[in-house]
Amino acid sequence: MPNWGGGAKCGACEKTVYHAEEIQCNGRSFHKTCFLCMACRKALDSTTVAAHESEIYCKTCYGRKYGPKGVGFGQGAGCLSTDTGEHLGLNLQQGSPKPARPSTPTNPSKFAKKIVDVDKCPRCGKSVYAAEKIMGGGKPWHKTCFRCAICGKSLESTNVTDKDGELYCKVCYAKNFGPKGIGFGGLTQVEKKE
């Protein structure tokens, strides 16, 4: 049957969606006001939508419904989620409690490997994670440690130099390790040898 005088049907309310009010996602059209998470009803946009078959969710609800389950898969660092997911249509088994997990890792070498793999900052010796990592001299540094070893000036890729595993600004490097004499390193006179 032809679709007279209108556009596509909304994936949520099944009414006609006209071009001026249309949002497309996963090959389907939606009204701007109908482009909501199917679980929590939060308004969505192109950066927050996660589609699963014909359903649309915010990334949080999508992760709760279709993401990994268990301890350590909460919604933030160190989080143990107590969300049962009932509003998402999840049926968690409420039978006998699961046995307690052993307090020591079952595979210590695997656990130790995870700790060893984290890069260490050459300046402070602490772990450098991806969100705070700056590479300089072939080594990972914290943003706060990425400073000149002599004057303490904050460094960038355009003014950093390295020598023997330490970082310097170009000015301090030139004064301390560059050529000496008139016109070099800030000297105005040639020192006499006695």
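Trainee: Why is Lys139 called partly exposed?
Mentor: This is a predicted model, and in it Lys139 has a relative accessible area of 32%. Buried means under 20% and exposed means over 50%, so 32% puts Lys139 in between, as partly exposed.

Trainee: Where does Lys139 lie, and what does it touch?
Mentor: Lys139 lies in strand S8, residues 139-142. Leaving out residues up to four places away in sequence, Lys139 touches Pro122, Ile134 and Gly165. Contact here takes heavy atoms within 4.5 Å.

Trainee: What about Thr48: why is that one called partly exposed?
Mentor: Its relative accessible area is 30%. You'll find Thr48 in the loop between S2 and strand S3 (49-52).

Trainee: Which residues line the largest cavity?
Mentor: Cys25, Asn26, Arg28, Phe30, Ala51, Glu53, Ser54, Glu55 and Ile56. Strand S2 (28-31) and strand S4 (55-58) each give two or more residues to that lining.

Trainee: What makes three of the lining residues charged?
Mentor: Asp, Glu, Lys and Arg count as charged, so Arg28, Glu53 and Glu55 fall in that class. The rest of the lining divides into four nonpolar and two polar residues.

Methods: Residues are numbered from 1 along each chain as its sequence is written. This is a predicted model: local features need pLDDT of at least 70, side-chain atom pairs count only at pLDDT 80 or more; totals for chains, interfaces and linings use all residues. Side-chain values use heavy atoms; hydrogens and water are left out. On a 1 Å grid over the protein atoms alone, a cavity is a set of points where a 1.4 Å probe fits but cannot get out, and a pocket is an open set with protein on both sides within 12 Å along at least five of seven lines; lining residues have an atom within 4 Å of a point. Helices (H or I, at least four residues) and strands (E, at least two) are DSSP runs, numbered from the N terminus. Buried means under 20% relative accessible area, exposed over 50%, partly exposed in between (1.4 Å probe, protein chains only).
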